[in-house]
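Student: Could you take me through one part of this model up close? I'd like the charged side chains and what they pair with.

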Amino acid sequence: MTSFLEKWSAKKSDKPKAGTRSAVDAFRARVAEQKAYLAEFESDGAGFNKWRSTWFQRAPGGFGVTIGRDSIDAGQGLSYVVVETTAQVAEFLDDLAQHADNDVSFQKALEQNRLRRAALLNSAKAKVKAPAAKAATRKPATVKATETSQVSGEASAEKPKRGRKPKA
């Protein structure tokens, strides 16, 4: 039998780096995820409980569909529509995916949105790390000695300290 290292060293590779997908590829993946949620909703509408993750919500007259948390639009300010059926929700998602593939201005908006969100995330991380660094450089607090009062021998015999057994 070949050794573990011999067997797997030929297949060694570098780990894929986070964020290597383009903004368009990431958007396509999110659209595919939304289609999966839609299929799950269509199969069991009463038991569907992932509303917080979906781009579609029940609305008066049907379903409201948005382009997720992205602060972008699909052209001419279009970022939210109300449709009547789940088939129209699926059609809107398909059109969004096609729009992401073919519309250069939409692709640029996706990339700009990704950069904006990354900058917000990085600034939030920097704010979290800064107070921790300041706390490490502060001087330790001095402990003040408290005065202890002397207890008379009789009082200590009546009330033993907590956790100790009285002497017999």
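Tutor: Let's start with R28, which is partly exposed at a relative accessible area of 35% (buried is under 20%, exposed over 50%, partly exposed in between, with a 1.4 Å probe and protein chains only). This is a predicted model, where local features need pLDDT of at least 70 and side-chain atom pairs count only at pLDDT 80 or more, while totals for chains, interfaces and linings use all residues. Residues are numbered from 1 along each chain as its sequence is written, and side-chain values use heavy atoms, leaving out hydrogens and water.

The side chain of R28 meets that of D101 in a salt bridge, 2.3 Å from N to O (a side-chain nitrogen of Lys or Arg within 4 Å of a carboxyl oxygen of Asp or Glu). R28 sits in helix 2 and D101 in helix 3, so this pair ties together parts 73 residues apart in sequence. Helices here are DSSP runs of H or I, at least four residues, and strands are E runs of at least two, numbered from the N terminus. D101 is partly exposed too, at 37%.

R28 also has a salt bridge to D25, at 2.6 Å, N to O. Those two are three residues apart in helix 2, about one helical turn, and D25 is partly exposed at 32%.

Then there's D94 with K35, another salt bridge at 2.3 Å, N to O. D94 belongs to helix 3 and K35 to helix 2, so that pair links parts 59 residues apart in sequence. Shared partners join D25, R28 and D101 into one salt-bridge network. In total, the structure holds four salt bridges.
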